[in-house]
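Me: I should like to learn how to read a structure of this kind, feature by feature. Please give the general idea before each case.

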Amino acid sequence: MTLKKTVLASVIGAVFAGTTLMPLTAGAETLRIGYSADPETLDIHEQLSGGMLRFSHLSFDPLVRWTKDFDFEPRLATEWEQVDETTMRMTLREGVTFHSGNEFTAKDVVWTIERLKESPDYRAIFEPVASAEAVDDYTVEIVTAEPYPLLLNLATYIFPMDSEFYTGETDDGNDKTEIVKAGNSFASRNASGTGPFIITNRRQGVRVDFERFEDYWDTESEGNVSNIVLTPIAENASRVAALLSGGVDFIDAVPPNDLDRVRDADGVNLIEIDGTRIIGFQMNEERVEAFQDVRVRQAIDLAINQEGIADRLMRGFATPAGQFSPEGYSGHNPDLVPRYDLERAQELMAEAGYEDGFTIDMIAPNNRYVNDAQIAQAVANMLAQININVNLRTMPLAQYWPEYDTRESDMAMLGWHSDTEDTANFFQYLSFCIDTETGVGQYNYGNYCNEEIDALVTQADSETDLERRNEMLREAEAMLYEDVGFIMLHWQNLAYASAEGIDAEPVVNAIDFPYLGDLVINRSED
Amino acid sequence: MIAFLIKRLMHAILVMFVISVLAFAIQDNLGDPVQQMVGQSVPESEREAIRERLGLNDPFLVQYVRFAKNAVQGDFGYSYFYREPALSVIARHLPATLELVFAATLIIVVFSVPIGVYSAIKPRSPISRLFMGVSIIGISIPVFLTAILLIQIFAIGVTVTLFPGTTGWGAWLNSFFSTQGNMPSFGRGYDLVNVAGNWDTNLATWNGLKHLVLPAVSLASIMLPLFIRLIRAEMMEVLQSEYVKYARAKGISMRRVYFVHALKNTMLPVITVGGVQIGTMVAYTILTETVFQWPGMGLMFLDAINHADIPLIVSYLMIVGVIFVVTNTIVDLIYGLVNPTVKLTGKPA
């Protein structure tokens, strides 16, 4: 078989032999996408990745989703209220059907939450959720073990799956529910969600075809895309060329070097969005004694010209950062801005007794973040000005993470996106004192530890008064800013580009999951 | 003949064995496949469980023996990224690469022989000099640069405004040097025709052929100049030989001398080099396929590297090893046909 057929009860009749030309009905609009990656699998709980979440928003619908301004927009949940400190009651949308034809009810939500708690990738995120219960067909109650303020943030990850479709045994006797990593499970080959698009044909790494779901519940959406052809084009230059030559209509991740070219090209629109992924460096206090001195950490922070990197190296394609959380997140503190001051940095080094400097090793990936190797090189040069000599090694991603895990370098580059789109997540993974039991501080490369900050963030995480919580997180950011537990560089921007007539601006967002169900195409007739 | 083929078969098995050992030995340096399978925030305990399930914690020898045992039965393992047996992943990507190599080879043969022969016969003509000049440039430009230039010129299009557009001749020159683009810049297109099983062909439709042109030209660009120069050099040498002088003196038509008598002897070394180069071309397909998003083995291999998909990497390397052995065998067979004095078994003639 050359094709992976997505066998859906409702589209069993659609047989694809070889490859087919898309049948186009009158008024139908086909969107040809060139993304840097295609979904790894069809099982949305198998892997937590950008590609998978984009796919989730195409073939499934979340209970709630983020708006451009980081508010919650009702999707399959229409209303929600906090019943008591630990219980949230959600009212579900009626009259929604799955691609298979099954009706969507509360039992699907309960089933999906239970499955999320089995998924290796989502288990940790859904740890706070104790249980979920269907009160009636369209009401569900989610109970957390402790008061938990981020339940709605989690609800953006709950894409109800068709529990009936995924229950039972396959012909070869496997459980249809099972989540198998990099394996050949039922769910990795078949999908039934409530989303605007049905997968009709898929060849991994080559192309994925989608067709609009006829019975899609959101009839108010103005989206008029009837078919999607997604071609993964990993090579940056080729992806841009594919758009410029008219081979595709919409691409993601326009590389900084091509921004001007795309901006100036005829018939193509560039869409830039301030991103939410923080890029920075971590100092290994285990290996370098000097890093334990707060004055040295401050000196390093002061010696690095964040604005310069964002302006020149990133060509404006980054927002210089002085804290973890980007604007729009609760906990973002507008007072904390980069504070490049080389003279003060040199003074601090002298005060700490390191006037003559020292030599360190530094590692950075060279194909993970935008311009990562060049950024590391620039930082190394900047550190040379306070007499810290850097031996930099850069390597491809596949080798970088194993190297990072050994923690055998003195400084390491890291980019982090908060899975909950919330400030506390940054602290818990990047700056909390390492605790192997609870798993916090998993990416705290340098073993930085400030128990005061940890206590404040932990307290904030059970504070359900969101305004007070916000205050506490701002305070935590300010404390980390003073103590320099992480060298912040910038938030990496996002750039999409689309052909004329594809009105992509309203459907893309800083979270990097375009809501293509609502995309309006208005190609002028000529 | 049969003894020769059996010998080559043993050869292939030996090559596969050596490659598999080498590939297994370097797998620790290829990266951590589990890292590629999980989200960044997944705790170490979950990673460890996956590593254990995939058998990645076993010692090298245990892993190798397990692999070898299955490989002998034709099971080369399961690709982590494609979630399919590695061999069927390769089989699915093979036709695209073979068609690309075939098209490039066709371009090379069709252009290199006449051009090479012409510039050997008329070495001083301006056309020959032009060909030689261009071929030097062709050899020196890396294949991905050629590919990107081709995309810019023929897929995206170039607008030239070098000449004054207000004058008639300027406008004409501008439009003469500008290109429209319109050639497809990526992929195989959607008009593929299924031939059999895994094999969807680009060669059966106009649209399919159009998608094939740019990748094939860029793949050919690195070898074509080499072959033109090789054929020219060999031909010039042959033309100096006694038997050609004799044939000319005898009054045989020049056309017959060039294309029947001289060309035949010219081709011997060309075939030898050609056989090796076709193997090398498989390696160049990695670059070409990446730039053109051509869904063949090269692109697949790069994906496998990026995902640290070790079973697929090992299988790919072994299959490429076999392709080398097979092409060399075929070259030796053809060699025997062209020059009957060559004995395949290696005994002195």
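Reply: Let us begin with a definition: helices (H or I, at least four residues) and strands (E, at least two) are DSSP runs, numbered from the N terminus. In this structure, A:T194 sits in the loop between α4 (186-189) and β8 (197-203) of chain A. Residues are numbered from 1 along each chain as its sequence is written, while chains are lettered from A and ligands numbered from 1 in the order in which they are written. This is a predicted model, in which local features need pLDDT of at least 70 and side-chain atom pairs count only at pLDDT 80 or more, whereas totals for chains, interfaces and linings use all residues.

Me: How is pLDDT to be read, and what average does chain A have?

Reply: pLDDT is the predictor's confidence in each residue, from 0 to 100. Chain A averages 90, and 94% of the residues score at least 70. Over residues 1-26 of chain A, however, pLDDT stays under 50. Where pLDDT is low, the predicted coordinates should not be read in detail.

Me: Is A:T194 buried or exposed?

Reply: A residue is buried if 20 or more other C-beta atoms lie within 10 Å of its own, exposed if 12 or fewer, and partly exposed in between, with the C-beta atoms placed from the backbone. A:T194 is buried because 27 other C-beta atoms lie within 10 Å.

Me: Which residues are in contact with A:T194, leaving aside its neighbours within four places in sequence?

Reply: Two residues are in contact if their C-beta atoms, placed from the backbone, lie within 7 Å. With those sequence neighbours left aside, the contacts of A:T194 include A:F60, A:D61, A:F98 and A:W217. Distance in sequence and distance in space are separate matters: A:T194 and A:G101 are 93 residues apart in sequence, and their C-alpha atoms are 9.5 Å apart in space.

Me: Where is A:G34, and why does it count as buried?

Reply: A:G34 belongs to strand β1 (residues 29-35) of chain A. A:G34 counts as buried because it has 26 C-beta neighbours inside 10 Å. Beyond four places in sequence, its contacts include A:T231, A:R239 and A:L243. From A:G34 to A:S245 there are 211 residues in sequence and 12 Å in space, C-alpha to C-alpha.

Me: How should I read a pair of strands, such as β8(A) and strand β9 (residues 207-212) of chain A?

Reply: Two strands pair if DSSP finds at least two bridges between them. Here six bridges join β8(A) to β9(A), and the two run antiparallel. A:I198 has A:E211 in β9(A) as its bridge partner. The hairpin of these strands has three residues between them, and A:G205 takes a positive phi near 80° there.

Me: How many residues of helix α7 (residues 294-303) of chain A are buried?

Reply: Eight of the ten residues are buried, so the helix is mostly covered. Among them are A:V296, A:I300 and A:L302. The buried residues of α7(A) pack against β12 (268-283), α9 (342-351), α10 (372-384) and β17 (487-499) of chain A.

Me: What domains does the assignment give for chain A?

Reply: Domain bounds come from an automatic or database domain assignment. For chain A it gives domain 1 (29-60 + 195-267 + 500-525), domain 2 (62-164) and domain 3 (274-493). The C-alpha centres of domains 2 and 3 of chain A lie 34 Å apart. Twelve residues of domain 2 of chain A are in contact with twelve residues of domain 3 of chain A.

Me: How many residues does each chain bring to the contact between chains A and B?

Reply: Chain A contributes 38 residues and chain B 42 residues. On the side of chain A that touches chain B, α5 (236-244) and α11 (397-406) of chain A each supply at least two residues, and α5(A) gives the most, with five residues.

Me: What can be said of chain B as a whole?

Reply: Chain B has 13 helices and two strands. Its C-alpha atoms fill a box of roughly 80 × 75 × 35 Å, taken along the principal axes. Of the 349 residues in chain B, 35% are buried.
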